[in-house]
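Okay, everyone, thanks for coming. Let me put the structure up on the screen, and then we'll walk through it together.

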Amino acid sequence: MTHYIENEFLTVGVKEYGCELTSVKSKKDGYEFLWQGDENIWYGQSPVLFPIVGRLIEDKYVLNGKEYEMPKHGFARKTSWNLLEKDEDSMSFILSESPETLSKYPYKFDLIVTFTLDGNKLRVNHAVVNKNDDTMYFSLGAHPGFNCKVGDTLRFSEKETLSTEKIDLVHSLRLPETYPVLDNAADITITEHIFDEDALILHGIKSKYISLIKQNDSHSVKFDMGGSPYLGIWAKPAAPYVCIEPWFGVNDSFDRKKDFSEKTGINALAPEDVFNFAWEAELTL
């Protein structure tokens, strides 16, 4: 089932399955900002990544001496959520532990995602609640895909000097080599082949915002990354969308860790504590 909120500027739809954004539409002219999915290209639209981001070595990890299996990007994106509350311009969904999640991830948790409209802005807040008596380890990420074309530009709010980590295309794991993306510059042009070797994986970013600027269209997106330590930028090569992905976590590398608590980019949450992360898209209508 899909639920909708709206204000005078925007209508936003979210599916219960995966708590996935399915529409961000301008009321002014009907323009759809969000990629609408295509099984022949990429069926997703805006998955929630939890409790891992990316892929684990052999899709497995060890926690406190016990081995578990976990699919790429975790289980939240392929689980039905419950609508927690809703009014005209805001709605929240909740995912909690279940026998199925506990078999993959032995923690009790609440993950609450709240979608809020404020004028021409959409804010998406993720709250992770630790319901255990000990520290809970997790990763969390967003993956919204926005409609765009080859030749459009992603522009950081400050000049950046950044390199990307690369992904092994067979195992979907990070390689040790990095490659330069920006040298005291702000713009990344979306080319036909920029994603031939999978996502750009960036960290050490100074900018608060990254903007998607269309070369022949006024419908831009100013995206607040929410202070995330990693940013993934991805699409299928030459596809008419781009995913702007703020991550609190990252794919495994080939360097196998002894325990999940040692995973690169992992977050540690004390009992009864709450971890909040929000991204925001300001939309030029």
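Let me start with a question: does Arg 123 count as buried, partly exposed or exposed? At 41% relative accessibility, Arg 123 counts as partly exposed. For those labels, buried is under 20% relative accessible area, exposed is over 50%, and partly exposed is in between, with a 1.4 Å probe and protein chains only.

Before I go on, a word on what you're looking at. This is a predicted model, where local features need pLDDT of at least 70, side-chain atom pairs count only at pLDDT 80 or more, and totals for chains, interfaces and linings use all residues. Residues are numbered from 1 along each chain as its sequence is written, and side-chain values use heavy atoms, with hydrogens and water left out.

How many does the structure hold? There are 13 salt bridges.

Back to our arginine. Arg 123 forms a salt bridge with Glu 280, and their closest N and O atoms are 4.0 Å apart. Glu 280 sits in strand β22 (residues 274–283) and Arg 123 in strand β10, so this pair ties together parts that are 157 residues apart in sequence. When I say strand or helix, I mean DSSP runs numbered from the N terminus: helices are H or I with at least four residues, strands are E with at least two. And Glu 280, at 18% relative accessibility, counts as buried.

Next one: Lys 131 forms a salt bridge with Glu 97, with the closest N and O atoms 3.0 Å apart. This pair also links distant parts of the chain, 34 residues apart: Lys 131 is in the loop between β10 (121–130) and β11 (136–138), and Glu 97 is in the loop between β8 (90–96) and α1 (99–104). Lys 131 is partly exposed at 33% relative accessible area, and Glu 97 is partly exposed at 23%.

One more pair. Lys 263 forms a salt bridge with Asp 252, and the closest N and O atoms are 2.8 Å apart. Lys 263 and Asp 252 lie in the loop between β20 (241–248) and β21 (267–269), so the pair ties together parts that are 11 residues apart in sequence. Where do these two sit, buried or exposed? Lys 263 is buried, and so is Asp 252.

Okay, on to the aromatic rings. A pair of rings is described by the distance of the centres and the angle of the planes. The cut-offs go like this: rings of Phe, Tyr and Trp (its six-membered ring) pair if their centres lie within 6.5 Å, and planes under 30 degrees apart count as stacked, over 60 as edge-to-face and the rest as tilted. A search of the whole structure finds 21 aromatic pairs. Take Phe 138 and Phe 275: their ring centres are 5.3 Å apart and their planes are at 80°, so the pair is edge-to-face. Phe 138 is in strand β11 and Phe 275 in strand β22, so the pair ties together parts that are 137 residues apart in sequence. Phe 138 is buried, with a relative accessible area of 0%, and Phe 275 counts as buried at 17%. Both belong to one aromatic cluster, whose members include Phe 50, Tyr 105 and Phe 248.

Now have a look at Tyr 209. The charged end of Lys 208 sits over its ring, 5.6 Å from the centre, and Lys 222 lies over the face of Tyr 209 too, at 4.3 Å from the ring centre. "Over a ring" here means NZ of Lys or CZ of Arg within 6 Å of the ring centre and within 35 degrees of the ring normal.

Let me finish with some backbone. Which peptide bond is cis, with omega near 0°? That's the bond from Phe 50 to Pro 51, and Pro 51 is in the loop between β4 (48–49) and β5 (60–63). Glu 58 is found in the loop between β4 and β5 as well, and its phi is near 55°, a positive value in a residue other than glycine. Glu 58 is exposed, with a relative accessible area of 56%.

Terms used: A salt bridge is a side-chain nitrogen of Lys or Arg within 4 Å of a carboxyl oxygen of Asp or Glu.
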